[in-house]
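Student: Could you show me how to read a protein model? I'd like to start with the core and then look at salt bridges.

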Amino acid sequence: MAKALFITRQDLVTFTSANGNLDVDKFLPYVRLASDIHMQNYLGTELYEKIESLIEAGTLTELLNPNYYNLVNNYLKDMLIYWSMVEYLPYAGVNITNSGIFSTQPENSTVLDKNRVDSLIEKSRDTAQHYTRRFIDYICFNNSLFPEYNSNSNGDMYPDDKADFGGWVL
């Protein structure tokens with residue numbers, strides 16, 4: 001079953017450093033991964049599935065569902081764009097084929113070293129966490145508008161209300 005996406009290709013190329021030549025087929029798995037891991041973690045299963053159903057039904061509009069429309073367009077899109085970048089960047093430029101795993105390098109370009117890629121990932125994570133904190137502040141203040149946020153049960157994921165991962169402490 002195909003899952004509804006909360007963002008579009010245009011959102012990615014407009015609001016990130018990804019250019020218009022971005023291969024959607026290569027990026028799409030990381031949008032789905034970021035949705036399943038990060039978005040569902042902060043929305044909880046019930047609210048996540050409610051928004052998916054509105055998108056699939058074509059009813060996520062300002063007129064029909066203004067609260068959900070506002071939530072997606074003013075909070076969730078920004079979160080998902082940057083969580084998707086966090087998941088995608090380690091694999092950007094990597095190709096996995098029947099011949100093996102390799103990276104490609106366009107003419108007149110240089111491959112970034114691991115430290116530079118890691119810094120891009122961390123910058124994307126910082127941005128994603130910023131938008132996630134904004135979402136958490138909004139949803140905590142307005143959770144009565146979204147009854148699904150607090151209605152998770154059994155095997156559902158319950159919403160996480162902390163956006164920061166400060167790293168490992170040993």
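Tutor: Let's go through those two topics in turn. This is a predicted model, where local features need pLDDT of at least 70, side-chain atom pairs count only at pLDDT 80 or more, and totals for chains, interfaces and linings use all residues. Residues are numbered from 1 along each chain as its sequence is written, and side-chain values use heavy atoms, with hydrogens and water left out.

Student: Which residues of the largest nonpolar core touch the most other members?

Tutor: In soluble globular proteins, nonpolar side chains tend to be buried together. A nonpolar core is a set of buried Ala, Val, Leu, Ile, Met, Phe, Trp, Tyr and Cys residues joined through side-chain atoms within 4.5 Å. Buried means under 20% relative accessible area, exposed over 50%, and partly exposed in between (1.4 Å probe, protein chains only). Here the largest core has 41 residues, and Leu43, Leu47, Ile51, Leu71, Leu76 and Phe135 touch the most other members.

Student: And how many salt bridges does the structure hold?

Tutor: A salt bridge is a side-chain nitrogen of Lys or Arg within 4 Å of a carboxyl oxygen of Asp or Glu. This structure holds 4. One of them joins the side chains of Lys77 and Asp11, at 3.4 Å from N to O.

Student: Are Lys77 and Asp11 buried or exposed?

Tutor: Lys77 counts as buried because its relative accessibility is 17%, and Asp11 is buried too, at 10%. Lys162 is exposed, at 55%, while Asp161 is partly exposed, at 43%.
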